[in-house]
Amino acid sequence: MSDCDVVISGGGLAGATLAVALAERGKRVAVIEATAREAESQPSYDDRTLVINAASLNILRAIGLLPAELTRMPIARIEISRAGGFGHLCLEAANHGREHFGAVIVARELGQVLSSALENHPLIELHCPDRLTGFHTDTNSIHVELASGTRLQARLLVGADGNASTVRQLAALACQRHDYGESAMIFNIQARFAPQATAWERFTPQGPLALLPQSGGRLGVVWIDRHDAIDQAMQWPDRQLLDTLASRLGQDFGGLARPGRRARYPLVRQRTPWPLARRLVLVGNAANAVHPVSAQGFNLGLRDIGGLVDALEGLDDPGQPSALAHYARLRQADQESTVRYTDTLARSFTNPSRLAGLAAGLGLAAHAGWPALSARLAQAAMGFREPVCSLARDPAQHSRQVAA
Ligand SMILES: Cc1cc2nc3c(=O)[nH]c(=O)nc-3n(C[C@H](O)[C@H](O)[C@H](O)COP(=O)(O)OP(=O)(O)OC[C@H]3O[C@@H](n4cnc5c(N)ncnc54)[C@H](O)[C@@H]3O)c2cc1C
């Protein structure tokens, strides 16, 4: 039986990031990942273009997971509009005292950085491909069984195994689930006119549409609609896809061309109000999964990771119940409000009732014309939610604290 401080089930974006953060603080970590690293089908490291906000960039950088080439697509402006209604909002990072709100990172590229760190860190033991099949707890340890027959013993088990978390199910943690009846289709395109460093979010009667900057004059598209409409759009010839996209955008990008490979994701909301059991905690989508409408999912997971790293700092026993409970209480408000905010946004802009449409339009108009509201939205877009974890603080703040 192998002995370590922390076992993490799931080596996707959240699990791998947490593993490296803890190993960098001297913890011995075992990571169990079900999908072989070289597999094309690795579910976490795919073609998704992730908007990673400024606070999250700080977290990744502080853990050593942000080589310069990953931040080559910054977002300095966010444009939000609504098809057929009034209300248009443009947020400029410069108006809020920053160079950018965050950056677009391709999940596959971050995945390469994470995979390499998992394979090469001397304090990380990687079990891949393998799966957690069971565990039991005694006073001081948690004992984990893997499908291969391997047994691991640790002080803490972290479930970072995604929406259908085996750890969450085996621990019988209550999870509220809502199926939106929608899917997101993603692909990228070439745009002759693709203004630099700008992210677009457009609310259409069919669902939200996001366009995100990518390298080489390309744009990443996130297109959300009912399952059956996405089923059809996945099969459309390229010309039909591009024409429909252009008509929904309502803005001239000077000709759209060369759409890349399409992928789809069914959308659910999941909320685990108390993601803890004895010597066990959930992070990432295993704990909370949100609609991608405001690009919050992984950002929320990274704030949880930052909070957990703070809570375990300096502890010999990372499974200490009081430390885990303290972590869960500190993170509750941010988790609750992020899930609620994203859900409200996802529902209100697609609600066919005219009243909801009016409210949505007024919401945008109010944000545009009322600086305090725009400032709140910009602050949310940058991800500095209280309590800001140590890893998310701006480097200048860090050095001021260390000096004090
Ligand atoms: C279309 C779309 C766009 C998005 N855009 C953004 C964005 O712009 N910004 C943002 O912050 N977020 C975004 N998200 C959300 C983001 O992708 C997720 O929050 C993130 O992928 C969650 O990572 P995770 O590691 O928690 O879970 P997953 O990515 O689901 O990873 C779970 C891992 O666990 C492994 N696993 C599963 N079961 C087991 C088991 N029993 N044993 C061992 N391993 C197991 C899986 O193989 C996988 O590697 C988007 C999501 C979608 C669908």
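Trainee: Helices here are DSSP runs of H or I, at least four residues in length, numbered from the N terminus. Which one gives the most to the shell around the ligand?

Mentor: In this predicted model, α7 contributes the most, with four residues.

Trainee: And which elements each supply at least two residues of that shell?

Mentor: They are α1 (13-24), β4 (49-53), β14 (176-191) and α7 (297-312).

Trainee: Which residues come nearest to the ligand?

Mentor: Of the 35 residues around the ligand, the nearest are Gly10, Gly12, Gly162, Gly284 and Gly297. By class, the shell holds 16 nonpolar, 15 polar and four charged residues.

Trainee: Changing topic, how many residues are in the largest nonpolar core?

Mentor: That core has 105 residues, and Val7, Leu18 and Ala19 are among those with the most contacts inside it. Its largest share, nine residues, comes from α1.

Trainee: What does valine 7 touch, leaving out residues up to four places away in sequence?

Mentor: Valine 7 touches Ala30, Ile32, Val144, Leu152, Ala154 and Leu157.

Trainee: And its strand, β2: are the residues on its faces buried or exposed?

Mentor: Both faces of β2 (residues 6-9) are covered, with Val6 and Ile8 buried on one side and Val7 and Ser9 buried on the other.

Trainee: Which strands does β2 pair with?

Mentor: Four bridges join β2 to β3 (residues 29-32) in parallel, with valine 6 opposite valine 29. The chain passes from β2 through α1 to β3 in a right-handed β-α-β crossover. β2 also pairs in the parallel sense with β13 (residues 156-159), over four bridges; there, isoleucine 8 has valine 158 as its bridge partner.

Methods
Residues numbered from 1 in each chain as written. Predicted model: local features only at pLDDT ≥ 70, side-chain atom pairs only at ≥ 80, totals over all residues. Near = placed C-beta within 6 Å. Nonpolar A, V, L, I, M, F, W, Y, C, P; charged D, E, K, R; others polar. Core = buried A, V, L, I, M, F, W, Y, C linked by C-beta atoms within 7 Å. Buried ≥ 20, exposed ≤ 12 C-beta atoms within 10 Å, placed from the backbone. Contact = placed C-beta atoms within 7 Å. Pairing = 2+ DSSP bridges. Right-handed = clockwise from strand over helix to strand, strands pointing away.
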